[in-house]
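Please open the model in your viewer and keep the sequence panel beside it. The tour begins with the whole chain and then moves to single residues.

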Amino acid sequence: MIRYTSTTTGGGGGKGNVTPVGNWTPPACWYEPRSAEEFSKYVETMYEETVNTPGQHSYAKASVGMFRDEYKDGKYKNYNLDEKDEGNWWVAVRDEDRWTEPEAQLCDKQPFWVENGAAPPVENAVTPRVLAELAYNRIQLPTTEVTLAPEATTKVNLPTWAWLDKARFKEVSVTAALNVGGLNIQATTVAKPVSLKLEPGTPDAETYPASGECTINDDGSIGEPYAKGKADRNPPCGIRYLRSSGDGTFRLQATVTWEITWTGTGNPNPTQLPNGTFGNDQDITVQEIQSVNR
């Protein structure tokens with residue numbers, strides 16, 4: 001079985017899964033090895049649970065019986081336990097969170113035996129890169145709640161400064177490892193924050209910079225905290241609303257883009273995977289500046 005280890009440095013509060021940029025997604029299914037002992041135990045346990053479950057449909061019992069016979073007394077003999085040191089069983093595995101997706105049904109080959117040193121004759125057989133892609137799917141990133149000045153409530157035409165503390169946004173990594181029989185491989189996928197995208201929640205606003213994409217600073221922070229004496233300056237990262245939000249609020253969307261790379265068995269140099277994003281919305285109240293006539 002694949003084992004996952006996560007390392008998160010920095011961040012607090014809520015977390016969520018990274019979303020790949022573009023139409024790429026990690027594998028929804030793959031093939032991985034099982035030792036003869038593991039496979040025989042799995043099949044026998046499944047068989048016993050199915051046939052001994054009260055009210056179980058006869059079709060299910062017949063199906064699991066046929067499956068068991070194939071590997072115990074049919075094409076294979078006693079799960080190849082007499083050859084346990086000469087190879088492994090390879091079985092289809094589906095991502096538990098995506099098992100209903102069409103992509104998860106592509107790994108439909110029945111368990112098959114592969115001798116040590118031979119390549120499994122299927123696509124999506126687990127490799128260090130496949131491990132890296134599966135680790136990608138398990139990256140948990142910190143919520144993207146930017147600090148604003150003014151906070152929550154701002155004024156029309158008043159520049160609102162936005163920034164992220166460097167302590168909250170550091171590298172996040174997940175390592176996936178598989179050690180079965182003669183196969184011992186691993187991969188570590190690392191996510192590094194590179195920019196913050198601000199979307200004001202209304203077309204009646206301007207962003208700083210104009211693209212709304214605030215790049216990361218050398219110290220790992222994004223943007224610049226507001227301080228006294230900066231009122232006449234435009235923020236390096238921020239928003240200027242051009243109209244009031246009235247009795248409601250605008251939904252400011254703040255999304256961090258993360259650069260994602262992997263290293264692993266046979267691949268010591270960081271190799272690019274698709275960038276990922278993660279963000280959330282914040283309510284912003286924008287008020288008219290009140291003038292007093294004397």
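The stops below run from the overall view to two selected residues and their contacts.

**Stop 1: the whole chain**

Show the chain as a cartoon, bearing in mind that this is a predicted model. Its secondary structure comes to three helices and 18 strands. The radius of gyration is 27 Å, whereas the globule rule gives 19 Å for 294 residues, so the chain is more spread out than a compact globule. Along the principal axes, the C-alpha atoms fill a box of roughly 100 × 50 × 25 Å.

How much of the chain counts as buried? The share is 41% of the 294 residues. If you display contacts, take those with a sequence separation of 6 or more: 75% of them are accounted for by residues 24 or more positions apart.

**Stop 2: surface and charge**

Switch to a surface view. The chain exposes about 16100 Å², and carbon and sulfur atoms supply 48% of that area. Now colour the charged side chains: there are 28 positive and 39 negative ones. The centres of these two sets lie 5 Å apart.

**Stop 3: Ser244**

Select Ser244, which sits in the loop between strand S16 (238–241) and strand S17 (250–264). Is Ser244 buried or exposed? Its relative accessibility is 18%, so Ser244 counts as buried, the cut-off for that being under 20%.

Next, show the residues around Ser244. Leaving aside residues up to four places away in sequence, Ser244 touches Val156, Phe250, Val286, Gln287 and Glu288.

Then draw two distances from the side chain of Ser244. One goes to the backbone nitrogen of Gly246, at 2.8 Å. The other goes to the backbone oxygen of Val286, at 3.0 Å.

**Stop 4: Asn267**

Move on to strand S18, which covers residues 267–287, and select Asn267 in it. With 19% relative accessibility, Asn267 counts as buried. Which backbone atom lies 3.3 Å from a polar atom of the Asn267 side chain? It is the backbone oxygen of Asn269.

To finish, keep strand S18 (residues 267–287) on screen and bring back Ser244, whose contacts include Val286 and Gln287.

Note on methods:
Residues are numbered from 1 along each chain as its sequence is written. This is a predicted model: local features need pLDDT of at least 70, side-chain atom pairs count only at pLDDT 80 or more; totals for chains, interfaces and linings use all residues. Side-chain values use heavy atoms; hydrogens and water are left out. Helices (H or I, at least four residues) and strands (E, at least two) are DSSP runs, numbered from the N terminus. The radius of gyration is taken over C-alpha atoms; the globule rule is 2.2 Å times the number of residues to the power 0.38. Buried means under 20% relative accessible area, exposed over 50%, partly exposed in between (1.4 Å probe, protein chains only). Contact means heavy atoms within 4.5 Å. Accessible areas come from the Shrake-Rupley method with a 1.4 Å probe; for residues, only the protein chains shown count as cover. Lys and Arg count as positive and Asp and Glu as negative; His and the chain ends are not counted. The place of a charge is taken as NZ of Lys, CZ of Arg, CG of Asp or CD of Glu. A polar contact is a pair of N or O atoms within 3.5 Å; within protein, one must be able to donate a hydrogen and the other to accept it, and residues adjacent in sequence count only if both atoms are side-chain atoms.
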